[in-house]
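Please read the following report alongside the sequence and the structure.

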Amino acid sequence: MASLSLTQIRGNSIKNPVAEFARTRCPQLGLPVRSSRVGFRVFASESSSKGPEPDLSVNVNGLHMPNPFVIGSGPPGTNYTVMKRAFDEGWGAVIAKTVSLDAEKVKNVTPRYAKLRADANGSKQGQIIGWQNIELISDRPLETMLKEFKQLKEEYPDRILIASIMEEYNKAGWEELIDRVEQTGVDAFEINFSCPHGMPERKMGAAVGQDCALLEEVCGWINAKATIPVWAKMTPNVTDITQPARVALNSGCEGIAAINTIMSVMGINLTTLRPEPCVEGYSTPGGYSSKAVHPIALAKVMSIAKMMRSEFGDKDLSLSGIGGVESGGDAAEFILLGANSVQVCTGVMMHGYSVVKKLCSELKDFMRQHNFSSIEDFRGASLEYFTTHTDLVHRQQEAIQQRKAVKIGLKSDKDWTGDGFVKETESMVSN
């Protein structure tokens, strides 16, 4: 599978110079040998707020992006027209809507979205804080999507286009899909191991991501075939998200993307007594996203980042944060927890493609505030402040004892001084 240096080799020919990297393997484990990097260590810049413009560019698995903002897989990357719009607006990268070999099996319904507002059930006025979808992967013919991938790469050779792919539990099918998609010149794969609804009986999406044994096997197939970087997109609908993330990385994936949507029932219409989104009077559980999932996503990303730092610290791996990003501050939180890039999907559906300009501006403002000149200056900076509850108790008890020691004041009559007599007296007053 793909390593993370800058030379992509397939056979004897070099393809896709944007995503070039060498495929070398660890002879002991049969896993890729990746070049080391700084990882999650943070070095604050010393430039002042009046200094150079903060640099938002990032290099992720050998792929250069002008900024860390990535169109998340879904409707915002569903065809040539909208992906072109994303590049023109300035997004750092685009992940296309998930494709599979046989689009004929994909049957979407309408309506397929529902909103959760901050006001009472049924309100049309409150702020949108949650969004649910029961949408499936792309229902467009694979050949059509492949032609559009190729056209985009021809028109935007220096921009990063990532193909999201998903297939049934079939090795030959995965190999065919990977081969056909790679021929378009895309820069990387994001593997959809996390779609929470639709086709679980075919062992697709979250059905794989929730089964570590199955995940390991499928990742093995993928990484034996792919010659460009592979990100595994994780489902949050598990007890411990670090377990499948660890399996994916040990199986050769270069990156983790987290989180996909959370399985949910959006609500019940209290007038009709029918669930939302309502299709001919019925519904089905779907994927929950938008602002309300942001704290959950941060927790999942934090757990993955800590695991990656402790277990894969010397490997050149990446982490893409997803969940409720609508501001530069939201993105900064993911980066502070170790994310190399930040994906936005529902935010684009709500605010449009031009929201990337606001995201970049607000992220730069944050960086100026803290005197950071690059993303790497603060990536992972907040990870060290997470610990166990037991340790929190110990830290607080220790702090209380230190404060008490200060309040007690002088320990002996010999410690009195003439200059500090009033303060020394006050230090021993109890009220």
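Predicted model: local features only at pLDDT ≥ 70, side-chain atom pairs only at ≥ 80, totals over all residues.

Residues are numbered from 1 along each chain as its sequence is written, and side-chain values use heavy atoms, with hydrogens and water left out.

The protein chain holds twelve helices and 18 strands (DSSP runs of H or I with at least four residues, and of E with at least two, numbered from the N terminus). Of its 431 residues, 51% count as buried (under 20% relative accessible area, with exposed over 50% and partly exposed in between, using a 1.4 Å probe and protein chains only).

In strand E8 (residues 128–133), five of the six residues are buried. Strand E8 pairs with E7 (residues 113–117) in the antiparallel sense over five bridges, where pairing requires at least two DSSP bridges between two strands, and Leu 116 stands opposite Gly 130 in E8. Three bridges also join E8 to the antiparallel strand E16 (residues 286–289), with Asn 133 opposite Gly 287 in E16.

The count of aromatic pairs comes to eight; rings of Phe, Tyr and Trp (its six-membered ring) pair if their centres lie within 6.5 Å, and planes under 30 degrees apart count as stacked, over 60 as edge-to-face and the rest as tilted. Two of the pairs are tabulated here.

| Pair | Centre distance | Plane angle |
|---|---|---|
| Tyr 113 and Trp 131 | 5.7 Å | 45°, tilted |
| Trp 174 and Phe 193 | 6.5 Å | 50°, tilted |

Tyr 113 lies in E7 and Trp 131 in E8, so this pair ties together parts 18 residues apart in sequence. Tyr 113 is partly exposed at 31% relative accessibility, whereas Trp 131 is buried at 9%.
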